[in-house]
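Trainee: I would like to go through the terms used for this model and check each against its definition. Where do we start?

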Amino acid sequence: MQGSSPVVARADPIDGLRAASAIPEARAEALAAEHYGLSVAVRRLDSERDQNFRLRAADGRDYVLKIANPTEDRAVTNLQTEALRHIAARDPALPIPRMVPARNGAVELEITFDDGSARIVRLLSFLKGTPMHQAPQSAALRRDVGRCAARLALALRDFHHPGANHKLLWDIEHAAELRPLIGTVPSGQRDTVERFLDGFATHAVPVLAQLSIQPLHNDLNPHNIVVDPAEQAHVAGIIDFGDLTATARINDLAIAAAYQVTDSDDPLAPACELIAAYHAVAPLEARERGILFDLIATRMVMTIVISNIRAARYPDNSTYILRNNKQASVRLARIAALTREQAARQIERACLGE
């Protein structure tokens, strides 16, 4: 899949999707009974775009009922559904949610709600465990995340779908579009943000233009990774495929690695553990390794800029929107002390096992 493929654009790249009217928990309960034959207890889950509910069935099994935003392109919703089915077929041992068919056999239902909106409803298995951001951190866990990220990319390598090339601002490919918006960044951070956007334009963009693209998760942050509570060095689940899009695979790795940078004297060391484990399963090209630091920094810049704008626009949901902002700011300041050459050498040594 090449970057010249047709692109499906979302209406407002910063707003993403405007908030739709809330679906009552009682309606989620009724949908589970009517369409899936389940008697459940219902709890609403936080979400930026969709309406998500955790369902606990009478037999103790757990599910997630996902009700898509009505303005979401149907092709993008179906992209996520079919990607999950494809991954399950290609690598059945990967811990991802499984699609649960309705009574009529469909994995997507179009339901009309009281506000007149038609929304896609899906039921997925719920992956139990501890969210990674709440679990004890270790080198062994980071390595397992790296291996799982590589396996996920490999499983999606031959997946094709007409919605895969939709434009998503969270795709690092489009980071340059944030430059006019950096006025929203606190003044003390702006020079650093501009410096890394300059580095992205100079070093990463020419290389990214040469790389093939494929569908990828595109949001492997610790809120989307579930850890086995009994074996805390083991990934029990990779969730939330809502940002899945076609991009260069190195962007997907950069996102995962960005969240493993630490506020320490050696900030890249933990990220390099994840990178090395990924490279051992899905070897990186030299040109991919050469721009990885630029992409890691760019993801942090994106987190800071986009979350600041969206939190200002949607103050009622600001806690959820800003959940990664503070850490991204601290980590960006740490890696700003490294030269690009120092970072590249450290990543190279990690991949070579030195």
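Mentor: With the cavity: on a 1 Å grid over the protein atoms alone, a cavity is a set of points where a 1.4 Å probe fits but cannot get out, and lining residues have an atom within 4 Å of a point. Grid points are joined across faces, edges and corners, and a volume is the space filled by probe spheres set on the points. About 80 Å³ of space lies in the largest cavity. This is a predicted model, in which local features need pLDDT of at least 70 and side-chain atom pairs count only at pLDDT 80 or more, while totals for chains, interfaces and linings use all residues. Residues are numbered from 1 along each chain as its sequence is written, and side-chain values use heavy atoms, with hydrogens and water left out.

Trainee: What lines the largest cavity?

Mentor: The lining consists of A258, Y259, R299, M300, T303, N324, Q327, A328 and R331. Two or more of these residues come from each of α7 (286–313) and α9 (325–335); helices (H or I, at least four residues) and strands (E, at least two) are DSSP runs, numbered from the N terminus.

Trainee: How many residues of the second largest cavity's lining count as nonpolar?

Mentor: Ala, Val, Leu, Ile, Met, Phe, Trp, Tyr, Cys and Pro count as nonpolar, Asp, Glu, Lys and Arg as charged, and the others, Gly among them, as polar. V145, C148, A149, L220, I225, V235 and I238 line this cavity, which gives seven nonpolar, no polar and no charged residues. Its volume is about 40 Å³, and α3 supplies the largest share of the lining, three residues.

Trainee: Why are α2 and α3 called roughly perpendicular?

Mentor: Axes are lines fitted to C-alpha atoms, for helices over the stretch in contact, and angles run from 0 to 180 degrees between N-to-C directions. Angles under 35 degrees count as roughly parallel, over 145 as roughly antiparallel, 65 to 115 as roughly perpendicular and the rest as oblique. Helix α2 (residues 74–90) packs on α3 at about 105°, with the axes 9 Å apart, and the pair is therefore roughly perpendicular. In contact (heavy atoms within 4.5 Å), A83, H86, I87 and R90 of α2 meet L152, A155 and L156 of α3.

Trainee: What makes β11 and β12 a pair?

Mentor: Two strands pair if DSSP finds at least two bridges between them. β11 (residues 225–227) and β12 have three, in the antiparallel sense; V227 has V235 in β12 as its bridge partner.

How values were computed. 1 Å grid on protein atoms, 1.4 Å probe; cavity = no way out; pocket = protein on both sides within 12 Å on 5 of 7 lines; lining within 4 Å.
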